[in-house]
Amino acid sequence: MANPSNSVAPAALIGSTPHGAFTNAHHFTIGHLTTIEYLDASNSAHREPVLKYLLERGKPAAIHDSSARAYPPLCHPDTRKTLRGRVIRWGMGNGNERILWIFGPAAVGKSAVAQTVAEEFKRAGRLGASFFFSRPNHLDNPDWVIPTIVYQLATQNGEYKRIVTQCLVDDILILDKNRSTQFRELIIEPFRILMTQYPHTVREPLLIVLDGLDECKDKEAQCEFIDLINTHTRQIPLRWMICSRPDWRLMTMLSNPDFMVICRREELNICDDEAQRDVQCLLEAEFDKIRQEYKDRLPVDWPPEYQQRRIASIASGHLGFASFILRFIGDKECDDPDGQLKVCMMFLKGGHTVGPISPLRALDDLYCQVLSGVPAKILSTTMRILGLVITDRHGLDSADDQAGFLGLDQVTFRRALQNLHSVVYVPPIEESNTTLLHIYHASFADFLGDVRRSGEFHLNREAAKYDFALQCLHWIENAGKK
């Protein structure tokens, strides 16, 4: 018997007027099986059930303009201008680089760039589809990606919609097959048909945006998507913009020499002059907005210039840090920007926050999420390494030295760090004898050292110093024996 929660009235779907129980029934559900093989793909009205079917198997909440993504992160008009300009020229051009990989540490604005670019390409009629992964929001299932992309492409190109409809009519189990088959039969083959029979509909390449690929819950699927795109990207008029943290698996795949021919790489750097200017620009613009909203309460010279400089200095080019601070200060629920600013300044000076709220709560949650990915059996080793990085200021010269100092072989050392590439710079193995492991941003070290913020991931600095001193003794002792 059909499950009422999953059943769909045939008449509502295809516009027929039933006279009997199954008269003219072209689309019905039995249990969890949707039957659409009797649809006529040439009839535009019959294609709507297919779109609904794709939506059921996809995740519309992950699309860039979904209502579920209300108030998504966006670049301020005057930030990331140079990078966004390069992305636009790449996406609108006709070069051989069909893939753009934007990577960088946690909370530096990758999603803001992805959202801004998606909206700009949408306005230009050049956005094919988008999928924004988010582990905290449970948008991390790899099986949702292809149906969601296919749905968006079908809404933009009538001929593509007809071809995909026919594919699903011919084989309604396509979406139960592996991702490689889905990718080939629902994206690659339909575009080949379009290019052959309807070339006027694909004159310009469309952009597909995949943001936060490292947050896909299946690590193997992350690599599979990269491999599928790499294998087929030369064959169809699509460009792929992938944003992620520098996860070691993705770094390995995207650094392959064969891949480099078609892949452009852009690193979001928090240390260059533009990043510093962007933070200052963001602070000025957002403080001005807050001041205008509360002009009956805030003086024209709010906030004091030295406080704004202090925040910019601590942010050190980290737009995510500055954004979290601004969000806290402008919190409409608190409705007290000056009071919130005072809390921030006290916090940044090392003071205690008022109550359980931290102005860096969002950043703290992100750091906790990163550390949660470290397997429990190696977490203690990971924390020892982090303790060394924070404690040792001058003694060691390379990652090899750091590993040796702790008595760790390179395999153990790197395995303990493989989930931390978004917050810690781990030198490539060919540079490990000349370059130090280091934390990207001081806010991560501050987070680790404050038990109120890091909780179970708290790094006891006194214990780290003791471990450092003990290792120094071992180091000296071993050197003496030699």
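Predicted model: local features only at pLDDT ≥ 70, side-chain atom pairs only at ≥ 80, totals over all residues.
**View 1. The buried face of helix 12 (residues 305-315).** Five names make up the buried set of this helix: Gln-307, Gln-308, Ile-311, Ala-312 and Ala-315. Down the axis of helix 12, these buried residues fall within an arc of 135°, so they line one face of the helix. An α-helix has 3.6 residues a turn, so residues three or four places apart point the same way. The cover over the buried residues of helix 12 includes helix 11 (273-293), helix 13 (319-329) and helix 14 (337-348). Ser-316 follows helix 12 and has a positive phi, near 50°.

**View 2. The largest pocket, with about 2000 Å³ of space.** Its lining has 49 residues, and the closest to the centre are Tyr-71, Pro-72, Pro-73, Leu-74 and Arg-327. Helix 4 (110-123), helix 11, helix 13 and helix 15 (361-372) each give two or more residues to this lining. Helix 13 supplies the largest share, six residues. Sorted by class, the lining holds 24 nonpolar, eleven polar and 14 charged residues.

**View 3. The second largest pocket, with about 670 Å³ of space.** Of the 20 residues that line this pocket, Met-251, Arg-414, His-421, Val-426 and Pro-428 lie nearest its centre. At least two lining residues come from each of helix 9 (248-254), strand 7 (263-267), helix 18 (410-415) and strand 8 (424-425). The largest share, three residues, belongs to helix 9. The lining of the second largest pocket consists of eleven nonpolar, four polar and five charged residues.

Terms used:
Residues numbered from 1 in each chain as written. Heavy atoms only, no water. Buried < 20%, exposed > 50% of the residue type's maximum accessible area, 1.4 Å probe, protein only. Helix = DSSP H or I, 4+ residues; strand = E, 2+ residues; numbered from the N terminus. Arc of directions from axis to C-beta. Contact = heavy atoms within 4.5 Å. 1 Å grid on protein atoms, 1.4 Å probe; cavity = no way out; pocket = protein on both sides within 12 Å on 5 of 7 lines; lining within 4 Å. Points joined across faces, edges and corners; volume = space filled by probe spheres on them. Nonpolar A, V, L, I, M, F, W, Y, C, P; charged D, E, K, R; others polar.
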